[in-house]
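Hi there,

Here is the structure I promised to pass on. Have a look at it first, and my notes follow below.

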Amino acid sequence: MTALAAGVAAVAVPLVLLGSLIGHARRPGLLTSALRAHGTVPRALAGPVAAAVVVAEALTGVGCAAALLLRLDGPMRMAFGASAALLALYAAYGTYVSRTRHNVPCGCAGADAPMTGWVAGRAAALSALALTGALHGLPSGSSAYESFIVVTAGLGFAVLLWTLPSAMIERRSAG
C-alpha cells in the first residue's frame with residue numbers, strides 16, 4: 001500500500017505544483033493581492049513574498065518532476081521532502097488565515113477560490129503525499145498494468161486535490 005501511495009505522490013505532487021506555477025504565470029498579480037488581503041505581511045513585502053512563493057513552487061515542482069523522469073532516487077527524495085515542507089507551511093498558513101480572516105482570496109495557483117479550511121486541507125493532503133514520496137523514493141518494480149494504475153490514480157488525485165477548494169464553495173443563486 002505504501003508503494004501505491006508513493007507512486008500516486010510521484011504523479012500528483014509535481015502535477016499540482018507545476019499546475020500552480022502555470023496559474024501564477026497566467027495571473028501574476030493575484031497572489032500579491034491575496035497576501036495583502038490576508039494582512040500577514042507588510043503591504044510593501046507582499047510582492048517579494050509572492051515572488052518567493054512562486055520560485056519555491058517552481059523549484060520543488062520541477063525538481064520532483066525532473067528527478068522522477070530521470071529516475072534519480074536521492075534527488076527525488078530531497079525534492080519531495082522539500083515539497084512536503086513547503087506544503088506543510090501552506091497548510092499551517094491556510095489554517096491561520098482561514099481562521100483569522102474571512103472572505104479573503106486564497107491566491108492559490110492564480111485561482112479565485114476564497115481562503116477556507118479546504119485550502120489548508122488540500123495543502124495538508126499534498127504534504128502527506130509528498131512526505132510518502134520522500135520516504136519511499138522512486139516507484140519501482142511495477143508491471144505495465146501496475147504502472148498504469150498508479151499513473152491513473154495519481155492523475156485522479158491531482159485533479160481532485162486541485163479542484164477541492166473551488167468545489168467546496170457554496171454558491172447561492174439569486175432567487
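Is cysteine 108 buried or exposed, or something in between? Cysteine 108 is partly exposed, with a relative accessible area of 22%. For these words, buried means under 20% relative accessible area, exposed over 50%, and partly exposed in between (1.4 Å probe, protein chains only).

Before going further, a word on the source: this is a predicted model, where local features need pLDDT of at least 70 and side-chain atom pairs count only at pLDDT 80 or more, while totals for chains, interfaces and linings use all residues. Residues are numbered from 1 along each chain as its sequence is written, and side-chain values use heavy atoms, with hydrogens and water left out.

Now the cysteines. The structure holds one disulfide, a term used here for a pair of cysteine sulfur atoms within 2.5 Å. Cysteine 106 and cysteine 108 form it, with their sulfur atoms 1.6 Å apart. Cysteine 106 is buried, at a relative accessible area of 4%. Cysteine 64 is buried as well, at 0% relative accessibility.

Helices here are DSSP runs (H or I, at least four residues), numbered from the N terminus. The axes of helix α1 (residues 2-26) and α3 come within 8 Å and cross at roughly 140°; axes are lines fitted to C-alpha atoms over the stretch in contact, and angles run from 0 to 180 degrees between N-to-C directions.

Leaving aside neighbours within four places in sequence, valine 49 is in contact with Leu35 and Val41.

Finally, helix α4 (residues 73-100) and helix α5 (residues 117-136) pack at an angle of about 160°, their axes 7 Å apart.

Best wishes

Definitions and conventions: Helix = DSSP H or I, 4+ residues; strand = E, 2+ residues; numbered from the N terminus. Contact = heavy atoms within 4.5 Å.
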